[in-house]
Amino acid sequence: MLLENLPFDLPVQSVHVIFGVVLGLVFGVAAQISKFCLRRAVAGDTGADASAGAVWMMALAAAIGGFAVAQSLGWVALEDHRLLSSSVPVLAIIVGGLAFGAGMVLTRGCMSRLTVLSASGNLRALTVILVFAIVAHATLKGVFAPMRVALGAVQQDFGIASLAQIPGFAPVVAVLLAVGAIVLGRRSGTSALVLGLGAVIGGVAVAGWAGTSVLLLDDFDPLPVQSAAFTLPWADTLFWTIASSAIPAGFGTGLIAGVFLGSFACAVLRSEFALESFEAPAQTLRYGAGGALMGVGGVLAGGCTIGAGLSGSATLSVAALLALGAIITGAIATQSLLQARGAAVAA
């Protein structure tokens, strides 16, 4: 649709990369300013952070509402996407979600937050990303692939692919989440700007689906339908970095580049760029283990807090909602265990 009216003539692959960069820039700036992070929202160091929760709720409200509108206008087409299947690999999603949730607590951030932090000079985050990308690729196509296949074979047919199939459900959920975000935001002193940036991040997820499925679709050269995510994009970016002459960059690689550049520029302009590293070997081990758990978990669950949690849940996919629930459960359980252990040591 939109592809035919672009003022320049580029291969569709290049257009998708540019599109990914643009969306990544928006996401990076918005996430840097708002400190967007699901881990902090549900399992912060001192418990759930109400402000972070309000921003995340607003992002999810915008994603669900925006997706419903885009779908009604014919701007998204995900009928054949893996997220919209009534048969769900429940065991892989639950195990993966719990592992990812545990990992993001150990590293004190999910992959989107760590990507933003790495662009701000956090070398711990950059190290975790490298571990994460290697393990995710190994789970997709390497030594851990047999485990992925075995767990993925356990399927459950729910008879419905998305709760959006229930008439009026998506708009109601979007409104309730938005109202909840505003109320929670007011109680926690969250500024309107930060809440608005949460909505912008939700809009990025919708724009990704619309752009790759309909607006920038080339019928003669169809490319994978994707949206904002960090598991597959980071794995693809790693592989492209070491084999770019054989593997072309795609939307995901462009998205990662855009997030990194947007976060870096925003951090520099706001005087928030600062080099940070590990303080002790035990900390290095903890963060490395967390990165590995997120690498395995993100692949098994079908995405991270953004790929499944935000972009996937925008469709109200049963699989994505199950993944989001498992991630949150894993994070809360792990944080509770760490706090209990700390209290026992202190006693």
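Which residues of the largest nonpolar core touch the most other members?

Modeller: This is a predicted model, in which local features need pLDDT of at least 70 and side-chain atom pairs count only at pLDDT 80 or more, while totals for chains, interfaces and linings use all residues. Residues are numbered from 1 along each chain as its sequence is written, and side-chain values use heavy atoms, with hydrogens and water left out.

A nonpolar core is a set of buried Ala, Val, Leu, Ile, Met, Phe, Trp, Tyr and Cys residues joined through side-chain atoms within 4.5 Å. Buried means under 20% relative accessible area, exposed means over 50%, and partly exposed lies in between, with a 1.4 Å probe and protein chains only. The largest nonpolar core has 70 residues, and those that touch the most other members are F27, F36, F100, M111, F230 and L310. In soluble globular proteins, nonpolar side chains tend to be buried together.

Leaving aside residues up to four places away in sequence, F230 touches F27, M111, S112, T115, F132, I256, V259, C304 and I306. There is also a second, separate core of eight residues, including V88, I93, A308 and A323.

C304, a contact of F230, counts as buried because its relative accessibility is 0%. A disulfide is a pair of cysteine sulfur atoms within 2.5 Å, and a search of the whole structure finds zero of them. C304 is accordingly in no disulfide, and the nearest cysteine sulfur, that of C110, is 6.8 Å away. C266 counts as buried because its relative accessibility is 7%. The closest cysteine sulfur to that of C266 belongs to C37 and is 16 Å away, so the two are too far apart for a bond.

C37 is also a contact of G109, which touches R39, M104, L114 and M294 as well, again not counting residues up to four places away in sequence. G109 is buried because its relative accessible area is 0%. G109 lies in the loop between helix 4 and helix 5; helices (H or I, at least four residues) and strands (E, at least two) are DSSP runs, numbered from the N terminus. R108 is placed in this loop too, between helix 4 (90-106) and helix 5 (111-119). R108 counts as partly exposed because its relative accessibility is 33%. R108 has a positive phi of about 60° although it is not a glycine.

A pocket is found on a 1 Å grid over the protein atoms alone, as an open set of points where a 1.4 Å probe fits, with protein on both sides within 12 Å along at least five of seven lines; lining residues have an atom within 4 Å of a point. Grid points are joined across faces, edges and corners, and a volume is the space filled by probe spheres set on the points. The largest pocket has a volume of about 780 Å³. Its lining has 38 residues, of which R82, V299, A301, G302 and G303 lie nearest its centre. Helix 10 supplies the largest share of that lining, four residues. By class, the lining has 22 nonpolar, 12 polar and four charged residues, where Ala, Val, Leu, Ile, Met, Phe, Trp, Tyr, Cys and Pro count as nonpolar, Asp, Glu, Lys and Arg as charged, and the others, Gly among them, as polar.

Technical notes. Contact = heavy atoms within 4.5 Å.
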